[in-house]
Amino acid sequence: MKTLGNVLWLVFGGFVSATQYVVSSVGMMVTIVGIPFGLQTLKLAALMLWPFGAKITDKPNKSGCLSFIMNVIWILIGSIWISITHVLLGVLFAITIVGLPFAKQHFKFARLAFTPFGKDVQLAW
């Protein structure tokens, strides 16, 4: 069932969203300061390709202060807009019964896109 959900996700916007994350990641990696943000968005892009079955967990508190600072910078750069987009898409998908699994994934992405540092993404491929 996860495979069917992932294939439908790719067809109905997952590939486009992953492409947007990759393009923004490359744009951030142009500068040395943006490399950590670009690497994080690459993880998000991989998650956008195959979200069903993936698990997001908190990393052990090895770099708690650094993760907090990076999340604050990330929020100021534009994570608010990414999160709002995922929430709006989640609400649109939640209107229909068929779209509820997709809405759940978008709400998961909204939380992750808001504060991605300090999280570990375990893909299900």
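Which side chains meet in a salt bridge? In this predicted model, in which local features need pLDDT of at least 70, side-chain atom pairs count only at pLDDT 80 or more, and totals for chains, interfaces and linings use all residues, the side chains of Asp 58 and Lys 119 meet in this way, at 2.8 Å from N to O. Residues are numbered from 1 along each chain as its sequence is written, and side-chain values use heavy atoms, with hydrogens and water left out.

One salt bridge (a side-chain nitrogen of Lys or Arg within 4 Å of a carboxyl oxygen of Asp or Glu) is found in a search of the whole structure. Asp 58 belongs to strand β1 (residues 55-58) and Lys 119 to strand β2 (residues 119-122), so the pair ties together parts that are 61 residues apart in sequence. Strands (E, at least two residues) and helices (H or I, at least four) are DSSP runs, numbered from the N terminus. Asp 58 counts as exposed, at 55% relative accessibility, whereas Lys 119, at 22%, counts as partly exposed. Buried denotes under 20% relative accessible area, exposed over 50%, and partly exposed the range in between (1.4 Å probe, protein chains only).

Helix α2 has 15 residues, and its end C-alpha atoms are 21 Å apart, in agreement with the 21 Å that it should span at 1.5 Å a residue. The expected span is 1.5 Å times one less than the number of residues. Buried residues of α2 include Phe 37, Leu 44, Leu 47 and Met 48. Helix α4 (residues 100-114) likewise has 15 residues and reaches 21 Å from its first C-alpha to its last, close to the expected 21 Å. Among its buried residues are Phe 102, His 106, Lys 108, Phe 109 and Leu 112.

A nonpolar core is a set of buried Ala, Val, Leu, Ile, Met, Phe, Trp, Tyr and Cys residues joined through side-chain atoms within 4.5 Å. In the largest such core, of 13 residues, Trp 9, Tyr 21, Leu 47, Met 48 and Phe 109 touch the most other members. Helices α1 (2-28), α2 (35-49) and α4 each supply at least two residues of this core. Another core, of five residues, lies apart from it and includes Met 28, Met 70, Trp 74 and Phe 117. Beyond its neighbours within four places in sequence, Phe 109 is in contact (heavy atoms within 4.5 Å) with Trp 9, Leu 47, Met 48, Pro 51 and His 86.

An unreviewed UniProt entry places the feature "domain: Inner membrane component" at residues 4-53 and 69-119. The chain over residues 4-53 is 80% helix and 0% strand, with end C-alpha atoms 11 Å apart. Over residues 69-119 the chain is 80% helix and 2% strand, and the end C-alpha atoms are 14 Å apart.

Key:
UniProt positions renumbered as here; feature names shortened; annotations may be inferred.
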